[in-house]
Amino acid sequence: MQHHEKKKKRTVLAAVVLSAAMIAVPLGQGTAASADTAAPTGNVGSFKQRFVENFSTPANAGGPFARTYAKSWQPYPDGTGGTYWSGRQVRGHDGVLDVVLDGKHGAAGTFGTPTGAWSHVGGKFSVRARATGGTGNGAAFMLWPTSNRWADGEIDFPEGNFESTPMAFQHSMTPGREASTTSTATGVSWRYWHTYSVEWIPGRSVTYLLDGRAIRTVTRDVPTTPHRYMFQVGNWGATGHLYIDWVSSYDYVR
């Protein structure tokens with residue numbers, strides 16, 4: 001199993017916006033959504049649902065959670081990079097995946113089955129999440145190339161420190177310029193439940209959706225090779241929690 005260790009600075013992640021970035025007009029905060037919004041079922045247009053997990057079975061951190069969700073969640077081994085301790089920090093209760101933020105241990109892993117999680121070429125990827133506390137820390141939900149070659153394309157949504165607005169970042173696929181991004185601000189807060197989706201049509205477009213509403217479509221630097229859908233949380237900042245209500249992925253059908 002290969003692991004991508006995305007290096008995060010202990011500053012507001014959304015501030016790392018290079019000259020190539022273009023910021024969309026932020027959306028209003030709107031009404032806070034509830035945690036019991038059902039996970040999606042069934043196909044959506046050109047996207048065929050492959051996987052959905054709503055974390056309905058309680059499971060303690062460590063072995064119980066890893067065993068219960070072995071077909072849904074592929075964590076980084078504890079101690080990866082001296083940063084990620086998914087086994088001890090991730091548990092399930094009350095219908096959510098709960099990442100405990102203690103300022104000392106991060107967490108990271110890939111959504112999907114042990115064999116299928118690394119083979120996405122296009123698709124739709126959705127997560128419903130919120131954070132409490134964790135100021136100074138942050139998370140990145142991303143599509144990362146299975147090749148571990150950065151120039152094969154990186155798509156991040158949502159990403160940012162928990163005290164700032166979640167962002168979308170689409171990285172350059174030009175070798176040597178991968179740190180350059182096209183970025184989009186959501187204008188909402190990690191402190192409320194929101195659904196974040198990416199619709200990726202290989203080589204053609206990436207559309208970012210917030211609570212079902214498209215906020216940006218990007219037609220450059222669009223990947224064409226296998227990727228995996230994952231998240232990472234840092235090992236710094238204040239105590240708190242990152243909650244994931246459900247996650248779903250779809251294949252793109254031509």
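Student: Which residue in strand E13 stands opposite Leu210?

Tutor: Leu210 stands opposite Arg213 in E13, and please keep in mind from the outset that this is a predicted model.

Student: How many residues lie between E12 and E13 in their hairpin, and which turn residue has a positive phi?

Tutor: The general idea is that most residues other than glycine have a negative phi. In this hairpin 2 residues lie between the strands, and Asp211 in the turn has a positive phi of about 50°.

Student: What does E12 pair with over 6 bridges?

Tutor: Over 6 bridges, E12 pairs in the antiparallel sense with strand E11 (residues 194–201), and within this pairing Val206 in E12 is the bridge partner of Trp200. The hairpin of E11 and E12 has 3 residues between the strands, and there Gly203 takes a positive phi near 70°.

Student: Why can E12 be called largely enclosed by the rest of the structure?

Tutor: A residue counts as buried when its relative accessible area is under 20%. In strand E12 (residues 205–210), 6 of the 6 residues are buried, so the strand is largely enclosed by the rest of the structure. Ser205, Thr207 and Leu209 point one way from E12, while Val206, Tyr208 and Leu210 point the other way, and all of them are buried.

Student: Which residues touch the most other members of the largest nonpolar core?

Tutor: The idea is to look for buried nonpolar residues joined through side-chain atoms. Of the 40 residues in the largest such core, those touching the most other members are Val99, Phe111, Phe141, Tyr208, Phe231, Leu242 and Ile244. Strand E6 (residues 123–133) supplies the largest share of this core, with 4 residues. Apart from it lies another core, of 7 residues, including Ala108 and Trp144. Returning to Val99, its contacts beyond the neighbours within four places in sequence include Phe231, Val233 and Leu242.

Student: Where is Asp94 found, and is it buried or exposed?

Tutor: Asp94 is found in the loop between strands E3 (90–93) and E4 (96–101), and it counts as exposed because its relative accessibility is 73%. Although Asp94 is not a glycine, it has a positive phi of about 55°.

Student: Which peptide bond is cis?

Tutor: The general idea is that most peptide bonds are trans. Here the bond from Phe157 to Pro158 is cis, with omega near -5°, and Pro158 is found in strand E8 (residues 155–161).

Key:
Residues numbered from 1 in each chain as written. Predicted model: local features only at pLDDT ≥ 70, side-chain atom pairs only at ≥ 80, totals over all residues. Heavy atoms only, no water. Core = buried A, V, L, I, M, F, W, Y, C linked by side-chain atoms within 4.5 Å. Buried < 20%, exposed > 50% of the residue type's maximum accessible area, 1.4 Å probe, protein only. Contact = heavy atoms within 4.5 Å. Pairing = 2+ DSSP bridges.
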